[in-house]
Amino acid sequence: MIDVERLSYTYPRSAGRAIDDVTLTIDDGDFVLIAGDSGGGKSTLVRAMIGLVPHFYGGAFDGRVRVAGRDTRTNHPRDLADVVGFVAQDPESQSVVDRVEDEIVFAMENLGADPPIMRKRLEETLDAIGLTSLRSRRLDTLSGGERQRVAIASVLAAQPKCLILDEPTSQLDPQSAEEVLSLLQRLNADLGLAIVLVEHRLERVVQYAHRMIVMREGTVVDDGVPRDVLQRGTVATPLSRVARALSWEPLPLTLREGRTFARTINTRIPHRADIAPTGDVFIDVKDAGVTRGGNEVLKRVTFAARAGETVALVGRNGSGKTTLLRTLVGLLKPHRGRRTIAGMDPSKASVEAIAK
Ligand code: ADP
Ligand code: MG
């Protein structure tokens, strides 16, 4: 479906090649994961697959990319939308109108679809992406994961055969990321939609992908089924590192697979006296409530941290992590409860006193 032939590409006013003699094909119905270090050329390669390179970026383009037989040098990205759809990192940068439904309709209008066909496709698309219950919602009331699903829906309204996504989960919390990735897996398995996915955290997707392409310095340095690529160690997940070090075979892709091996080794973690908190209570939060824009963001939060302790603060997007940190350093004031740092109220103490 996508045919990249000896592609080399250099951005305008740039010394080095971002893509250096790459040849590959993407087949119908495939699920391809593109991996590799930052700057390796992943984004540039997918931009070339949808015609943004060279049409939008300019630069020096050599070789040939064909999408469903159409040469991207003579076909504008708009003329490829019925074959390939593209979803970028940041869902907010992609939306044009306010409401979920309008966003999808807008995408179809742009392609010049007839109104009766548009209505039918809108229903089908909302259904396929599981957005029916959110159809009238304003986009700014949706979570990041829901926003990315809307972005996917508006691209799918053109009924492409292939969906190309450049780090679509990088701005999402783990749960929203999982929501988006399992949607991709379902679209691939149920509808036969080909997926080309650039993703940084490989452990989230290696179990879904049929094939993994690894890019480095503008070239393809590995290409194969994910288990083989991880076994070769061209790229690694936290689990594949452990598995290779302990010679687990076949190499496990998921934690569930890994657990079978883990049972056979002694996984008891020795007690580390040096990480046990022994110091005095340093941060003390009691029953703190913080309101922002009329919403109570922190509701009766109580916790303490001791000197020398390392605390990880985790939670979904919008759960209040940043608000809690801002409250601790005195940028926000609780309307109820209290918090002290080294016995001081950070709203009253000077920055210098807290920094000590
Ligand atoms: P990746 O997505 O794997 O991080 P990129 O395709 O973004 O890699 O980058 C490949 C090379 O192209 C890098 O050297 C990068 O600096 C360069 N590059 C990427 N985007 C642009 C751009 N818009 N203009 C100029 N150079 C760019
Ligand atoms: Mg990139």
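Predicted model: local features only at pLDDT ≥ 70, side-chain atom pairs only at ≥ 80, totals over all residues.
Residues are numbered from 1 along each chain as its sequence is written, chains are lettered from A and ligands numbered from 1 in the order in which they are written, and side-chain values use heavy atoms, with hydrogens and water left out.

**View 1. The whole chain.** Along the principal axes, the C-alpha atoms fill a box of roughly 70 × 55 × 45 Å. Of the 356 residues in the chain, 43% are buried, meaning under 20% relative accessible area with a 1.4 Å probe and protein chains only.

**View 2. The surroundings of ligand 1.** The shell around ligand 1 holds Tyr11, Ala18, Asp37, Ser38, Gly39, Gly40, Gly41, Lys42, Ser43, Thr44, Arg47 and Tyr57, where a residue counts as near if one of its heavy atoms lies within 4 Å. By class, these shell residues are three nonpolar, six polar and three charged; Ala, Val, Leu, Ile, Met, Phe, Trp, Tyr, Cys and Pro count as nonpolar, Asp, Glu, Lys and Arg as charged, and the others, Gly among them, as polar.

**View 3. Polar contacts of ligand 1.** A polar contact is a pair of N or O atoms within 3.5 Å; within protein, one must be able to donate a hydrogen and the other to accept it, and residues adjacent in sequence count only if both atoms are side-chain atoms. Look for Thr44, with a polar side-chain atom 2.4 Å from an oxygen atom of ligand 1. Gly41 places a backbone N or O atom 3.0 Å from an oxygen atom of the ligand, while a polar side-chain atom of Tyr11 lies 3.5 Å from a ligand nitrogen atom. The protein covers 62% of the 560 Å² of accessible area that ligand 1 has on its own, by the Shrake-Rupley method with a 1.4 Å probe.

**View 4. The largest pocket.** A pocket is an open set of points, on a 1 Å grid over the protein atoms alone, where a 1.4 Å probe fits, with protein on both sides within 12 Å along at least five of seven lines; lining residues have an atom within 4 Å of a point. Of the 28 lining residues, Pro77, Ala81, Phe86, Asn110 and Val155 lie nearest the centre. The elements giving two or more residues are α2 (52-55), β6 (84-87), α3 (91-94), α4 (100-110) and α6 (144-156). Helix α4 provides the largest share, four residues. The lining has 17 nonpolar, seven polar and four charged residues.

**View 5. The second largest pocket.** Its volume is about 260 Å³, taken as the space filled by probe spheres set on grid points joined across faces, edges and corners. Helix α5 (residues 115-129) gives the largest share of the lining, five residues. Among the lining residues are Arg121, Glu124, Leu156 and Lys161.

View 6. Leu184 sits in helix α7 (residues 174-191) and is buried, with a relative accessible area of 0%. Arg211, in strand β9 (residues 211-216), is buried at 14%. The side chain of Arg211 reaches the backbone oxygen of Thr25 at 2.7 Å.

Definitions and conventions
Buried < 20%, exposed > 50% of the residue type's maximum accessible area, 1.4 Å probe, protein only.
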